[in-house]
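Hello,

Here is the structure I promised to pass on. Please have it open while you read the notes below it.

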Amino acid sequence: MELCKLRMAIAIILQMILHVGVISQCIPTTLEGPFMPVTRSFDPSLRRGSDDIPMDDPRLKRNVTSMFPEQIALAISSPTSMWVSWVTGDSQIGLNVTPLDPSTVASEVWYGKESGKYSMQKTGDSMVYSQLYPFEGLQNYTSGIIHHVKIDGKQATQLFSIATYVMLNLLHSDIHAVSIGLFMKIGLEPGTKYYYKCGDSAFPAMSEEQAFQSLPLPGPNTYPSRIAVIGDLGLTSNSTTTIDHLIENDPSMILMVGDLTYANQYLTTGGKGASCFSCSFPNAPIRETYQPRWDGWGRAEESEALKGSLWIVERAVREFVTVVRVRESESGVEFEFQCGCSSSGAQESGIMRRFMEPLISRVPMMVIEGNHEIEPQAAEITFKSYLTRFSVPSEESGSNTNFYYSFDAGGVHFIMLGAYVDYNNTGAQYAWLKKDLLNLDRSITPWLVAAWHPPWYNSYSSHYQEFECMRQEMEALLYHYGVDIVLSGHVHAYERMNRVYNYTLDPCGPLYITVGDGGNIEQVDVDHADDLGKCPSAGDNVPEFGGVCHLNFSSGPAKGYFCWDRQPEWSAYRESSFGHGILEVLNSTYALWTWHRNQDIYKQDSHGDQIYIVRQPQLCSITSKESDVTILTSQPKETRGGFKIPSFGAFICYLLITTLILLPRTKCMGTGRRGRRVSP
Ligand SMILES: [Fe+2]
């Protein structure tokens with residue numbers, strides 16, 4: 001009997017080792033691409049979307065009094081400095097609104113490396129903005145006071161020690177040491193936990209203590225641990241699941257690739273948001289917005305009312321789980337739940353957390369504008385909320401506009417591009433981009449990651465070829481300088497491309513990924529342009545900025561047609577589901593990309609898509625592509641790539657992944673997935 005138990009235990013252990021080994025070894029790499037296109041269709045047991053959280057929900061209510069800071073957020077300024085932003089005062093909405101005077105309250109940040117001891121202080125700027133609709137029956141809005149303070153290590157009291165430090169280094173005649181030393185001395189120390197409070201100490205009205213971890217300095221061997229990527233988030237219950245899931249993944253920074261609050265799905269009078277503004281508000285004199293949604297989105301602070309069971313029950317219903325036990329803890333509401341559709345019925349536990357402020361007051365979030373940030377108002381003013389509420393390193397990166405900028409985080413150089421401002425190759429953005437790329441030193445920041453809102457490569461019907469004009473203007477420049485990864489949103493689904501340039505498979509093209517699946521009110525996109533009857537007509541998908549440059553393909557399987565008759569060869573994997581991505585840069589060559597689906601939030605080691613992105617600088621150097629930068633074609637080049645026949649090892653690997661990962665998930669969710677054209 002004992003021998004039998006021993007044998008069983010050994011067998012189980014061996015099986016576990018084999019299982020873990022197979023999974024860890026079977027994550028595909030881009031070196032094995034281009035991959036045969038795979039589509040995983042929308043799981044019909046899931047809802048395509050959910051309503052926005054109403055403004056009277058406790059999660060969106062303010063829980064501090066007037067002049068106390070709320071909506072606290074961080075953004076990277078430089079490798080050694082950080083923006084801290086927050087809001088004080090009362091916003092107003094009505095026919096007559098009077099802007100607050102920003103000078104009535106100070107913008108201070110106290111900070112230091114020890115909790116409760118703030119050895120450094122910085123002050124900054126404050127401002128208000130108004131959203132004015134001089135139309136009959138519409139309401140106006142004016143914001144609370146929005147504060148922005150850049151913190152680094154600079155202190156007047158430290159100048160003497162800095163000067164001394166520089167002198168000592170100069171005596172050693174080590175200029176490099178001086179520059180690095182000075183850099184270190186006057187900035188935030190890398191990888192260091194800082195504690196801070198913000199507000200106005202004179203009232204006194206300082207916030208509770210917050211904390212963040214500074215990022216690593218630029219260098220080929222230092223990277224942020226986990227870079228979260230979210231697009232088209234909104235403020236629905238699906239959005240909260242995305243944020244909860246993302247918090248579970250413990251990000252060290254966040255890229256928010258546009259379409260944040262969807263405040264423009266509302267009339268100025270508020271009410272209930274609609275999933276389609278144009279069809280729900282056909283008589284609106286202007287595309288109205290309900291600006292308090294922005295305050296609710298940035299806030300969503302924890303409150304006593306939240307600690308009831310209502311939200312847990314709501315979420316349980318939404319996620320098809322059964323909550324079996326609830327208890328409060330310091331970090332929120334802990335609960336145990338049972339997956340109602342799981343064959344195993346295993347119980348797990350998790351922590352209920354709130355929306356944006358608890359996350360972005362400790363993890364920097366880098367935003368770029370989407371079409372839902374345009375928000376036109378009187379006098380043709382646009383983007384007022386986006387431009388006023390968020391700090392981005394525009395001056396630091398020489399762009400001098402919040403519409404596009406760049407920054408470093410460890411060995412990654414990020415370029416954030418504006419799709420809703422001039423992107424022509426004769427314009428200011430293009431000139432700035434060219435200069436930024438020219439100044440890059442890939443020995444310091446080997447990885448080059450670009451992000452903008454609307455994807456250039458997209459095989460869904462929604463927004464199909466919408467930003468072709470932008471692609472035709474800028475793609476050659478980005479390709480020439482070897483952009484490794486491009487991240488976009490806008491399409492409310494997930495799609496990962498094969499490496500591609502000018503609609504042609506190219507091992508040196510960027511890896512394009514669409515993650516516009518944050519969970520907004522407009523619901524998940526499920527139609528593909530290659531589905532029968534789903535090819536958009538020429539009048540569809542007109543961009544909200546720029547021209548229309550739709551094209552018929554001039555070569556390959558889709559030659560002569562606007563849409564393909566199958567999933568395009570440049571589309572490697574697509575799935576309609578809410579979720580978010582995590583990028584883990586491992587070294588100057590390898591990065592692991594994982595797409596996390598919302599329905600996997602309660603599962604261990606479960607994900608929707610995963611791949612190692614591998615750089616090949618020797619193969620794809622700038623000089624090897626010298627001739628391409630001048631090519632600004634409007635038509636795809638002749639296809640020269642095509643599919644590789646997968647090696648036997650890759651084939652086996654693929655089968656194992658399918659067997660070990662996909663099938664158990666299907667079983668857990670209790671639904672069959674209508675996988676289309678799954679290959680090989
Ligand atoms: Fe969008």
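Below are my notes on confidence, then on the strands.

Confidence comes first, as this is a predicted model. The protein chain has a mean pLDDT of 82. Of its residues, 75% reach 70 or more.

Next, strands 2 and 3. Strand 2 covers residues 70-78, and strand 3 covers residues 81-88. They run antiparallel, joined by six bridges. A hairpin of two residues links strand 2 to strand 3. How much of strand 2 is buried? Eight of its nine residues are, so the rest of the structure largely encloses this strand.

Three strands form it, in the order 4-9-8, with antiparallel pairing. Strand 4 (92-94) and strand 8 (130-131) are the edge strands. Each has a single partner strand, so one side of each has no neighbour in the sheet. Strand 9 spans residues 140-142 and pairs with strand 4 over three bridges, in the antiparallel sense. Within that pairing, I93 has Y141 of strand 9 as its bridge partner.

As background, strands of a sheet pair through backbone hydrogen bonds, either parallel or antiparallel.

Best wishes

Note on methods
Residues numbered from 1 in each chain as written. Predicted model: local features only at pLDDT ≥ 70, side-chain atom pairs only at ≥ 80, totals over all residues. Pairing = 2+ DSSP bridges. Helix = DSSP H or I, 4+ residues; strand = E, 2+ residues; numbered from the N terminus. Buried ≥ 20, exposed ≤ 12 C-beta atoms within 10 Å, placed from the backbone. pLDDT = per-residue confidence, 0-100.
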